[in-house]
Amino acid sequence: MVTLVNNTWYPDSKKNCYSHDKKPIEVYMFIDPLCPECWGLEPIIKKLRIEYGRYFSIKHVLSGRLATLNLSSKKNYEHMARVWEKTASRSGMSCDGSLWHENPIDAPYNVSLAIKAAELQGRRVGIKFLRKLQEVLFLEKQNISDIKVLEECAKSVGLDVKEFIHDMHSESAAKAFQCDLQITTEMDVTEIPTLVFFNENVEDEGIKITGSYPYEVYVQILEEMLLEKPEKDLPPPLETFLKIFKFVASKEIAIVYNLPITQIEREMKKLLLKQVVEQIPAKYGTFWRYIED
């Protein structure tokens with residue numbers, strides 16, 4: 001569903017909680033780290049960033065939807081497991097619903113605070129941390145609300161772990177999460193994922209798009225907001241792409257390069273033989289990890 005939003009949350013607005021990069025378009029991406037639909041949107045977002053990243057920046061906003069659920073009930077666990085399996089089979093981004101029977105998330109609020117704590121060390125490393133959480137959650141079936149798991153994720157993306165743990169329990173992280181919840185309420189976001197596009201003109205309304213759509217829909221929205229056809233950048237050579245992103249699904253590569261999964265997997269197996277990558281099997285599809293020199 002596409003709707004219009006009053007443009008009072010563009011970064012130049014005094015009430016905005018965020019700093020920003022000066023690009024023509026600002027995208028607010030409302031997510032929940034436990035949401036498989038958000039994980040399933042990763043290939044589209046990756047392609048959009050590669051082809052049109054010069055025109056927009058993304059702010060991740062935690063909706064708090066799953067953090068407020070009573071996940072302790074067996075009925076909710078069963079529901080979450082079914083949703084994960086259904087989403088994985090449809091999106092091609094694997095997530096294993098058996099986690100909810102074997103190692104369920106027992107403190108989702110911790111996850112939200114951890115993401116906000118990571119962002120205090122910089123937006124770029126905050127995005128890396130979020131991606132790492134999604135990987136260990138959806139593929140490795142780890143309880144990402146466990147403090148030891150959070151520490152390991154922080155360490156793996158290069159965060160200062162001591163500072164990260166301190167910030168998790170600080171007023172700054174709690175306030176940042178509350179700011180996200182405030183934005184969610186004021187923009188009337190009731191479903192995730194939701195993306196809201198704003199341009200520089202505060203007189204113009206933003207465009208809110210709820211749910212997942214084909215790639216071309218997001219490009220069309222960029223064109224409408226820029227009032228011109230944006231110049232598309234080509235994706236980098238495959239090995240460069242892998243070196244940048246480190247750990248990706250065959251589905252993500254296929255979307256970015258606009259090629260069939262079968263062709264992508266043939267190319268990846270060549271790189272496997274050259275020991276450029278290692279293959280990581282998943283319940284649905286295949287992932288690849290770049291081997292650092």
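**Figure 1. Surroundings of Ser63 in the predicted model.** Ser63 touches Ile31, Asp32, Leu181, Thr184 and Ile192, residues up to four places away in sequence being left out; contact means heavy atoms within 4.5 Å. The place of Ser63 is the loop between strand E3 and helix H3 (74-91). Helices (H or I, at least four residues) and strands (E, at least two) are DSSP runs, numbered from the N terminus. With a relative accessible area of 10%, Ser63 is buried; the classes are buried under 20% relative accessible area, exposed over 50% and partly exposed in between (1.4 Å probe, protein chains only). Ile192, one of the residues touched by Ser63, is joined to Pro193 by a cis peptide bond with omega of about -5°. Pro193 is found in the loop between helix H9 (171-186) and strand E4 (194-199).

This is a predicted model, in which local features need pLDDT of at least 70 and side-chain atom pairs count only at pLDDT 80 or more, whereas totals for chains, interfaces and linings use all residues. Residues are numbered from 1 along each chain as its sequence is written, and side-chain values use heavy atoms, with hydrogens and water left out.

**Figure 2. Overview of the protein chain.** The secondary structure of the protein chain comes to 13 helices and eight strands. Of the 293 residues in the protein chain, 51% are buried. Among contacts with a separation of 6 or more, 70% are accounted for by residues 24 or more positions apart. The protein chain exposes about 14100 Å², of which carbon and sulfur atoms supply 51%; accessible areas come from the Shrake-Rupley method with a 1.4 Å probe, and for residues only the protein chains shown count as cover.

Figure 3. Side chains of opposite charge can pair when their charged atoms come close. A salt bridge is defined as a side-chain nitrogen of Lys or Arg within 4 Å of a carboxyl oxygen of Asp or Glu, and the count by this rule comes to 22. Glu42 forms a salt bridge with Lys46, with the closest N and O atoms 4.0 Å apart. Both residues lie in helix H2 (residues 42-52), four residues apart, about one turn of the helix, and both Glu42 and Lys46 are buried. A network of salt bridges links Glu42, Lys46, Arg131, Glu135 and Glu252.

**Figure 4. Salt bridges between distant parts of the chain.** Glu231 forms a salt bridge with Arg54, the closest N and O atoms being 3.9 Å apart. This pair links distant parts of the chain, 177 residues apart: Glu231 is in the loop between helix H10 (215-226) and helix H11 (238-245), and Arg54 in the loop between H2 and strand E3 (56-62). Glu231 counts as exposed at 51% relative accessibility, while Arg54 is partly exposed with a relative accessible area of 40%. In a further salt bridge, the side chains of Glu278 and Arg289 meet at 3.7 Å, N to O. That pair also links distant parts of the chain, with Glu278 in strand E7 (residues 277-281) and Arg289 in strand E8 (residues 286-290), eleven residues apart. Glu278 is partly exposed at 34% relative accessibility, and Arg289 is partly exposed at 28%.

**Figure 5. Helix H12 and its covering elements.** Helix H12 (residues 250-257) is mostly covered, six of its eight residues being buried. These buried residues are Ser250, Glu252, Ile253, Ala254, Val256 and Tyr257. The elements that cover them include H2, helix H6 (123-138), H11, strand E6 (247-249), helix H13 (261-273) and E8. Glu252 also belongs to the network of salt bridges.

Figure 6. Lys246 has a positive phi of about 70° although it is not a glycine. Lys246 lies in the loop between H11 and E6 and is partly exposed, with a relative accessible area of 36%. Asn258 follows H12 and is found in the loop between H12 and H13. Phi of Asn258 is near 55°, again a positive value in a residue other than glycine. At 65% relative accessibility, Asn258 counts as exposed.
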